[in-house]
Amino acid sequence: MVIEVDKVDKVDQIIDQYAGEEGVLIQVLLDVQREFNWIPNDVIKRISERLQIPISQIYRVASFYKAMSLTPVGRHLVQVCLGTACHVRGGPKVLDKAEQMLDIKAGDTTKDMKFTLQRVNCLGCCALGPVMVIDGEYHGKLPVAKVEEILESYD
Amino acid sequence: MARLNSTSDLEELRQGILSQRDPTKPCITICSGTGCHAYGSENVAAAFRTEIEHQGLAEQIDIRRTGCHGFCERGTLVVIFPEEICYCNVQPKDVAEVVAQTARGNVVERLLYTDAATGEKVVHEHEIPFYKYQTRLVLGNNTKLDPKSIDDYLALGGYSALAKALLQMTPEQVLEEVKKANLRGRGGGGFPAGRKWETSRNAPDEIKYVIVNADEGDPGAYMDRSLMEGNPHSVLEGLVIAGYAIGSHEGYIYVRQEYPLAVENVTMAIRQAEEYGLLGEDILGSGFDFKIKVHRGAGAFVSGESSALMTAIEGRVGEPRPKYIRTAIKGIWDRPSNLNNVETWANVPLIINHGADWFSSIGTEGSKGTKIFSLVGKVNNTGLVEVPMGLTLKEIIYNIGGGIPKGKRFKAVQTGGPSGGCIPESLIDTPVDFDQLTKLGSMMGSGGMIVMDEDTCMVDVAKYFLDFLADESCGKCVPCREGIKRMLEILTDITEGRGKEGDIELLEELAEVIRDVSLCALGATAPNPVLSTLRYFRDEYEAHIAEKRCPAYVCKALVSYYIEPDKCQACMICLRNCPAEAISGTKNQIHVIDQSKCTKCGTCFDVCPPRFGAVKRLSGEPVPAAPTAKERVLARSK
């Protein structure tokens, strides 16, 4: 795989911000995740070359943390909160419905790359539980019966 | 911006800021905490800006966006200073009226809080029961300042504790004051902060670190987030004071990437403090240097554990290590590292300003000061509450929280997050402090308080926490990695109707091993949710195992929904709302649930009009046969 030039530039820019600092791998990976929405293979190779850290070690970090993804994320990110408050208010039923409708399990992306479904452990807006967030838009106090309608409104 | 080189510089700046502010001028504050943000407070704030401009009132009315006010249930919250008139559930459409009436000095009645008990409108924030019973020492300033403005913090007396510590006290005196105040860590275990500081201080290395743990990962808890987002300078001030007491010149703030606003606000706060010389070299002319770096955490619950967090700061995978030598002595890069959570740090300036005697006059014998809880779940007033240690669970849940919604019965309250436990109704008069909660088999933790009603299955709750922990276990040690998984398998079997005799005993045995031999606190406390529910709700476990019955009708595999033919009025409501299209019927035909299609979501039960009450939940008994086609014809009595 040949890494594109502008991708290299972006990765280099990210790494250069941390010049001279110790222990920057996690911070670099978070920035990469934000830039590309996931952490592609060729980018890992570039980070390895630049930071002189073995690819295996970068993989280990990137696969350990929830905020990093080694697979591409869909156009719309659907997050269903299963924090304790949402759990006791019926969050699992919302997730069940979303899984059933999108025909994927939490953590996966639909084949057409339209939706990525995630279960998250508390979004800090417990008053709105159960809550589903799509691309940063909150759908709170959500009855199961409305899940379908909401998901269908995204294209 | 001029650097401050002495206490008098600081006071002069403060007076300068205050002299430009008219305390009688109306100021509209809009809560922009996470809860209100989710309600759309952005749009409300934008509407206020436009409307004030539009009505030509920019000179007469100030506007301020603040951090979390706490009363999340009623967001978007708007408070008008100086009277502190509190408006609830404010929408953009209400804004024009609020602006116009505020300019005339009037109150918009319809947006006021209505006391559920008396039916009366409550004008002022502090008179609302939710706030009235609180003591908001740490959280209180959230409503009064814009977290992005250091001047707002200074106007409220900010950084005076830092000046006092650096210029009037020796490091030993600061340490003694915190020890005397008996400030215990607000992040979980409640270890005395002063003693931890002393350990780091006495460790021989020249280079030491102080760290803010803002990796709040407990599901259902957002106290630290609200402080970091709403009043970041109070945390910085506490951290610098501790640096001075400990002899550390470098601080870290470990904050979750999932809290972008906290990252943004604290980063900005650091820059502002540096510009004023409240951070950096020779702070306030004292000769003390201190700098702070922000490190973003990447979403791993275990990384909130002290040794794991420090490993993550070093740039490696955030896993714990054995702590034969404590992190206070060998932490980041093997140097003494003192870690406390956000709320603990925010208490430090208060102690320095008001003294240890004042601080220890609040609270109980063993637990001093206040504690912030996120009161969530099946409770009327969801929100952040700060109360003196020693208030009872009942006072918190009923007086502040307003009790249980929809007239349901209180069943239990879960405290301490995944490391904590469930406390039953019979113990609701327990005063809340570190030691009391531990005695009940739960713990204070960071302050999550999740209220559960009769519709909550305690076996399911235990399973929920184990599921969370199995997912979050880093896998480094066997008892935690394998043990939690095995316990989860047993619980899954129990909740899915495959429970068998001996399961409870096996759970208890596994729990003991996991507790005793896990590497870190995640594993050591992981069995708590199971043990505490077994202790208080053993009968629920037994019902699941012996009768295949879920008393709360939660565990899907053990529950069925059934429409009682003699009660059904064929109103079509359940039929139309069923997300699985499992209900058949027409306007004149009694409805029937196709059990093979039913996903047991409970929607039909929720929407069936109470005057019919035709949908019945069954557990531990067979579903009666559906009525025949002839029996399904509804004879309407008209």
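1. The structure is a predicted model, in which local features need pLDDT of at least 70 and side-chain atom pairs count only at pLDDT 80 or more, whereas totals for chains, interfaces and linings use all residues. Residues are numbered from 1 along each chain as its sequence is written, and chains are lettered from A and ligands numbered from 1 in the order in which they are written.

2. Between the two chains, 34 residues of chain A are in contact with 39 residues of chain B (contact: C-beta atoms, placed from the backbone, within 7 Å). On the chain A side, at least two residues each come from helices H2 (25-36), H4 (55-64), H5 (84-88), H6 (91-102) and H7 (144-152); helices are DSSP runs of H or I with at least four residues, strands are runs of E with at least two, and both are numbered from the N terminus. This side of chain A comprises 19 nonpolar, 8 polar and 7 charged residues (nonpolar: Ala, Val, Leu, Ile, Met, Phe, Trp, Tyr, Cys and Pro; charged: Asp, Glu, Lys and Arg; polar: the others, Gly among them).

3. Chain A is divided into domain 1 (5-64) and domain 2 (76-152), with bounds from an automatic or database domain assignment. The C-alpha centres of these two domains of chain A lie 30 Å apart.

4. In chain B, 5 strands form an open sheet of mixed pairing, ordered E12-E11-E15-E13-E14 (strands pair if DSSP finds at least two bridges between them). Strands E12 (383-388) and E14 (421-424) of chain B stand at the edges with a single partner strand each, so one side of each lacks a neighbour in the sheet.

5. Strand E11 (residues 370-377) of chain B is mostly covered, with 8 of its 8 residues buried (buried: 20 or more other C-beta atoms, placed from the backbone, within 10 Å of its own). E11(B) runs antiparallel to E12(B), joined by 6 bridges, and a hairpin of 5 residues connects E11(B) to E12(B). With strand E15 (residues 448-453) of chain B, E11(B) runs parallel over 4 bridges.

6. Helices H10 (residues 223-230) and H14 (residues 342-354) of chain B pack at about 50°, with axes 9 Å apart; axes are lines fitted to C-alpha atoms over the stretch in contact, and angles run from 0 to 180 degrees between N-to-C directions. Met223(B) and Leu227(B) of H10(B) and Val342(B) of H14(B) are among the residues making the contact.

Key:
Buried ≥ 20, exposed ≤ 12 C-beta atoms within 10 Å, placed from the backbone.
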